[in-house]
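Hi,

Here is the structure we talked about. Please have a look, then read my notes below.

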Amino acid sequence: MAKKTRTQVRPLIARPGAQYTCFGDGLCCTDIHGLGPLTKKELVQVRKRDSRGAGWDEDFEERMLRTAPDGGCHFLLPDLRCRIHAETGPEAKPDGCRRFPLGLVATPEGGRVTTHHRCPCRTMGARPDLDPEAALPSLVNRAGRPKADARVDKIRLERKAKRVPFEEWRAIEGRMLDALAAGTEPERVLDADPFPRLKGSSWEDQADEFVAATDGTSFGVAIATFGEMVRSLLDPEHRYRGPGRPWASAYDRAEAREGEDRPEDEVFADWIADEIWSLGFAEDSSFDVCRAELATRLAVARAVARHYRETWGIAPGRSAAEALTVVELVGDSEFWSELVERIRL
Ligand code: SF4
């Protein structure tokens with residue numbers, strides 16, 4: 001009988017070069033992150049504290065924290081602190097709040113600490129290296145033990161191929177991460193064409209669907225921006241009519257804090273490295289599909305960043321960081337996972 005590979009959450013491992021510390025820029029407590037879903041128990045706890053603070057959301061069909069008209073969480077104080085955290089401590093917050101922007105993937109080598117990039121504390125200016133042990137309190141369950149978001153012990157490199165052992169994957173991944181760290185353009189490292197063929201649909205139809213999904217939330221702004229930019233990239237005659245940047249104030253705060261801008265290529269390479277490191281594709285998809293979808297989101301992110309630079313005159317690194325807010329939000333949505341299933345290589 002084949003030996004079963006085991007995954008483990010210890011030791012905790014950070015990707016070399018990943019930098020993050022929470023400066024409290026406040027973006028993670030707005031509708032940009034969906035503010036949920038909550039478990040039944042979390043809903044009861046939150047409502048005990050304040051019955052207006054959470055409830056069933058018909059749009060998401062989930063239990064969610066409620067937002068104020070400006071999109072901020074019901075518990076967000078005027079000074080951008082969390083009321084639950086301030087009154088009781090971090091352990092009283094719902095799991096999603098405690099974890100963001102961090103994640104944990106159990107592998108045969110240990111627990112990979114991952115980071116989302118739609119967070120200025122992750123993407124803007126000089127930050128200390130990500131310390132996995134310092135991240136631990138955000139990643140534990142109620143019993144104080146590290147809780148994995150996913151477990152990965154084998155990788156499917158191509159959609160129709162068998163999965164390969166983790167060791168074999170590590171060699172492939174290691175070469176890509178080294179190239180990114182050495183300054184190779186992320187497009188070259190991915191080595192995949194954007195906008196691959198889609199089964200039963202076209203990119204034009206998908207772009208129209210994205211634009212039609214605008215719903216008055218910050219996520220609606222992100223998906224409309226994405227759809228408009230796809231239209232512009234596919235049709236040079238198309239006049240881009242993307243909406244504004246409701247998350248700009250959080251990036252203003254980060255810019256004022258840091259002062260120093262990062263090169264655009266560095267911001268994008270850092271993101272691609274974390275997308276690979278976090279193995280988000282491994283449970284349901286394959287690495288060839290992952291490379292194609294990442295190449296597509298990277299092309300859109302470059303175009304959005306250029307538009308932000310030229311329209312609002314903001315610095316290149318910050319434009320790239322804000323563009324990542326758009327492409328990561330879309331990438332984490334059901335719209336994108338349904339589209340990725342249609343990719344045919
Ligand atoms: S509950 Fe607190 S940490 Fe969670 S989104 Fe609301 S303000 Fe932010």
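Strand 5 (110-115), helix 4 (120-123), helix 6 (166-181), helix 7 (186-190), helix 12 (287-312) and helix 13 (316-331) are among the elements covering the buried residues of helix 11. This is a predicted model: local features need pLDDT of at least 70, side-chain atom pairs count only at pLDDT 80 or more, and totals for chains, interfaces and linings use all residues. Residues are numbered from 1 along each chain as its sequence is written.

Terms, briefly. Helices (H or I, at least four residues) and strands (E, at least two) are DSSP runs, numbered from the N terminus. Buried means 20 or more other C-beta atoms within 10 Å of a residue's own, with C-beta atoms placed from the backbone. Contact means two such C-beta atoms within 7 Å.

**Helix 11 itself**

Twelve of its 14 residues are buried, so helix 11 is largely enclosed by the rest of the structure. Among the buried ones are Phe268, Trp271, Ile272 and Trp277. Glu264, Asp270, Asp274 and Glu275 are buried too. After helix 11 comes leucine 279, with a positive phi near 55°.

**The whole chain**

The protein chain has 14 helices and ten strands. Its radius of gyration (over C-alpha atoms) is 20 Å, close to the 20 Å from the globule rule (2.2 Å times the number of residues to the power 0.38) for 345 residues, so the chain is as compact as a globular protein of that length. Of the 345 residues, 41% count as buried. Of the contacts with a separation of 6 or more, 71% join residues 24 or more positions apart.

Best wishes
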